[in-house]
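Opening my notebook on this one. I wanted to look up rings, core and charges, in that order.

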Amino acid sequence: TVRDSTAQKLAEAALRERELLLTSINENLSGTIIYRAEHLPSGGIRCSYVSAGTQAFVGVPPEKFQAQPELLFQLIEAEDLPGFHTELARVLRSGDASDLIVRVRHATTGTIRWMHFRSRLTERRPDGTQVRDGLVTDVTRLKAAEAQLHDLNANLEKLVQARTGEL
């Protein structure tokens, strides 16, 4: 009927408007990547959504991550990869939220950035697939400030020891 068609068109227009709003918000959240990952019982991963931030952070367009989510494992620093896999296995077993910071290499420039990965379980499907929504933030500046603070504390400790020795 005409009334049903009009209601459907209004609902579709509202849905498109909502989608544009969410896309705009995601694209304007500088310093973040938003994603939805589907962890399959076979061990595989599908990404049904990855925001545009991947291009700036790691030099890979979101479409490529959606097609090949395992690319992430190639970009995580080798020293950090075992911890990443351990945390991923833990949260997939437990259903807990994840919270992990690792170093990630930019695909084209090779620049290393510290990235904070957080996700939570949003759906368990009957086939065993776990859907997790996540947020990745660039914490490189924070890590640099932490390192600088550590160095300042170490220098201060040396000065205190030297001064104590003089007394």
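How many aromatic pairs does the structure hold? I found 2 aromatic pairs, where rings of Phe, Tyr and Trp (its six-membered ring) pair if their centres lie within 6.5 Å, and planes under 30 degrees apart count as stacked, over 60 as edge-to-face and the rest as tilted. Before going on, I noted that this is a predicted model, in which local features need pLDDT of at least 70, side-chain atom pairs count only at pLDDT 80 or more, and totals for chains, interfaces and linings use all residues. Residues are numbered from 1 along each chain as its sequence is written, and side-chain values use heavy atoms, with hydrogens and water left out.

**Entry: rings**

I looked up F73 and F84, and they pair edge-to-face, 6.0 Å centre to centre with 65° between the planes. F73 sits in helix α4 and F84 in helix α5, so this pair ties together parts that are 11 residues apart in sequence. Helices (H or I, at least four residues) and strands (E, at least two) are DSSP runs, numbered from the N terminus.

F84 also pairs edge-to-face with F117, at 5.3 Å centre to centre and 75° between the planes. I wrote down F73, F84 and F117 as a cluster linked by ring pairs.

Is F84 buried or exposed? F84 is buried, with a relative accessible area of 9%, and F117 counts as buried at 9% too. Buried means under 20% relative accessible area, exposed over 50%, and partly exposed in between (1.4 Å probe, protein chains only).

**Entry: core**

Next I checked what F84 touches, leaving out residues up to four places away in sequence: L72, F73, I76, L100, V102 and F117. Contact here means heavy atoms within 4.5 Å.

The largest nonpolar core has 23 residues. Such a core is a set of buried Ala, Val, Leu, Ile, Met, Phe, Trp, Tyr and Cys residues joined through side-chain atoms within 4.5 Å. V58, F65, I76, F84, V104, M115 and F117 touch the most other members. Elements that each supply at least two residues of this core include β1 (32–39), α5 (81–94), β3 (98–105) and β4 (112–124).

**Entry: charges**

How many salt bridges does a search of the whole structure find? My search gave 10, counting a side-chain nitrogen of Lys or Arg within 4 Å of a carboxyl oxygen of Asp or Glu.

R125 bridges to E38, with the closest N and O atoms 3.3 Å apart. R125 is in the loop between β4 and β5 (130–138) and E38 in strand β1, so the pair ties together parts 87 residues apart in sequence. R125 is partly exposed at 26% relative accessible area, while E38 counts as buried at 9%. I also noted a salt-bridge network linking E38, R46, E123 and R125.

R103 bridges to D80, closest N and O atoms 2.9 Å apart. R103 lies in strand β3 and D80 in the loop between α4 and α5, so parts 23 residues apart in sequence are tied together. Both R103 and D80 are buried.

R105 forms a salt bridge with E77, closest N and O atoms 3.5 Å apart. R105 is in strand β3 and E77 in the loop between α4 and α5, so this pair ties together parts 28 residues apart in sequence. R105 is partly exposed, at 30% relative accessible area.
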